[in-house]
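Have the sequence and coordinates open while you read.

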Amino acid sequence: MQSKRSLRIPRILCPQLPVPQKPVAVDTEEAAHLRQVLRLQDGSPVIAMDGRGRAVAGEYFIQEKKAYIRTTHAAPTEVRDEHEEQGALVLEVAVIKGDAMSWVIEKAVELGARRVVPVLADHAVVQVDKKGAEHFVERWQRIADQALKQCERLNRISIEAPIPLGELLKRPIPGGAIRGVAIEPRGNEGGPALRLSESFFRGSGEKHVLIGPEGGWSAHELELFGVEARGGRLHALDLGPLILRAETAAIFTLGCALSARLAID
């Protein structure tokens with residue numbers, strides 16, 4: 001018996017959707033995946049998605065050694081507004097080690113994050129400047145796009161370029177919302193922390209949550225948070241009595257945000 005997964009129709013990101021009599025070419029990397037991994041044959045059914053909420057059913061074919069998608073549908077067969085798929089959470093996460101960062105980005109797509117902002121922190125293990133930010137952004141975006149197709153989300157999530165923490169804190173948040181920063185248990189000397197739960201994500205507007213690196217926040221960064229908190233621009237967030245790994249804290253935050261959204265829906 002074939003598994004449900006094996007019966008799913010492959011989804012392909014295309015900048016422009018095909019229309020009748022106007023097939024679209026598949027980029028080289030995607031075409032190699034379709035041919036070598038999925039082993040598609042001429043006429044195999046596929047779904048082309050533009051990453052902006054629209055998708056159309058079509059079929060894969062090869063012409064002059066290039067891969068294309070064609071369709072007989074004059075209009076998209078699926079249309080989904082981005083607000084149907086995403087919650088309020090903007091996940092700001094310090095760059096963490098390779099597999100963990102990849103996992104967080106993948107789950108951020110699946111669990112409905114609005115955006116992911118990689119943050120450069122003092123105690124971050126990964127040194128982005130050694131390979132260049134572009135290398136990491138390209139890799140993370142590729143992971144996000146694969147997750148998009150797997151979970152059948154239609155609106156592409158952009159992974160921003162890594163930003164130093166000081167610059168991030170200077171960014172105004174739309175609507176004047178307050179940023180939350182995850183802290184370790186007993187790590188908030190400036191006063192009581194707000195327990196992170198689904199109630200944090202209720203109400204309109206974006207909700208920004210900042211997750212630290214494996215090595216924790218530095219003394220200098222904690223000072224910056226103190227300035228932001230006294231100015232009413234930041235809340236310390238309590239994620240419970242135990243010390244969580246950075247990736248666990250991110251997933252816990254994504255889960256709270258999704259729970260709030262499902263409760264509202």
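**Around Glu 206**

The side chains of Glu 206 and His 208 are joined by a polar contact of 2.8 Å. Bear in mind that this is a predicted model. Below, we start with that glutamate, move on to salt bridges, and end with a helix.

- Glu 206 sits in the loop between strand S11 (194-195) and S12.
- Is Glu 206 buried or exposed? With a relative accessible area of 11%, Glu 206 is buried, because anything under 20% gets that label.
- If you skip the neighbours within four places in sequence, Glu 206 is in contact with Ala 88, Val 90, Arg 114, Arg 115, Pro 174 and Ala 177.

**Salt bridges**

- How many salt bridges does a search of the whole structure find? The search comes back with 22.
- As background, side chains of opposite charge can pair when their charged atoms come close.
- One of the 22 salt bridges is between Glu 152 and Arg 8, where the closest N and O atoms are 3.4 Å apart.
- What does the Glu 152 and Arg 8 pair tie together? Glu 152 lies in the loop between helix H5 (133-151) and strand S9 (163-164), while Arg 8 is in the segment before strand S1 (11-13), so the pair links parts that are 144 residues apart in sequence.
- Both partners are partly exposed: Glu 152 has a relative accessible area of 31%, and Arg 8 has 30%.
- Over in helix H3 (residues 98-110), the side chains of Glu 110 and Lys 107 meet in a salt bridge at 3.5 Å, N to O.
- Glu 110 and Lys 107 are 3 residues apart in H3, so about one helical turn separates them.
- Arg 202 and Glu 198 make another salt bridge through their side chains, at 2.2 Å, N to O.
- Arg 202 counts as partly exposed at 39% relative accessibility, and Glu 198 is partly exposed too, with a relative accessible area of 23%.
- There's also a network: salt bridges with shared partners join Arg 8, Arg 11, Glu 78, Arg 80, Glu 85 and Glu 152.

**Helix H7**

- H7 runs over residues 219-230, and its 12 residues should span 16 Å at 1.5 Å a residue. The end C-alpha atoms of H7 are 17 Å apart, which agrees.
- Which residues of H7 are buried? They are Glu 221, Phe 225, Gly 226 and Glu 228.
- Looking down the axis of H7, the buried residues fall within an arc of 165 degrees, so they line one face of the helix.
- Those buried residues pack against helix H6 (165-170), strand S10 (179-183), strand S12 (207-211) and strand S13 (234-238).
- On the face turned away from the buried side, H7 carries the exposed residues Ala 219, Glu 223 and Arg 230.
- After H7 comes Gly 232, with a positive phi near 75 degrees.

Key:
Residues are numbered from 1 along each chain as its sequence is written. This is a predicted model: local features need pLDDT of at least 70, side-chain atom pairs count only at pLDDT 80 or more; totals for chains, interfaces and linings use all residues. Side-chain values use heavy atoms; hydrogens and water are left out. A salt bridge is a side-chain nitrogen of Lys or Arg within 4 Å of a carboxyl oxygen of Asp or Glu. Helices (H or I, at least four residues) and strands (E, at least two) are DSSP runs, numbered from the N terminus. Buried means under 20% relative accessible area, exposed over 50%, partly exposed in between (1.4 Å probe, protein chains only). The expected span of a helix is 1.5 Å times one less than its number of residues. The arc is that of the directions from the helix axis to the C-beta atoms. Contact means heavy atoms within 4.5 Å. A polar contact is a pair of N or O atoms within 3.5 Å; within protein, one must be able to donate a hydrogen and the other to accept it, and residues adjacent in sequence count only if both atoms are side-chain atoms.
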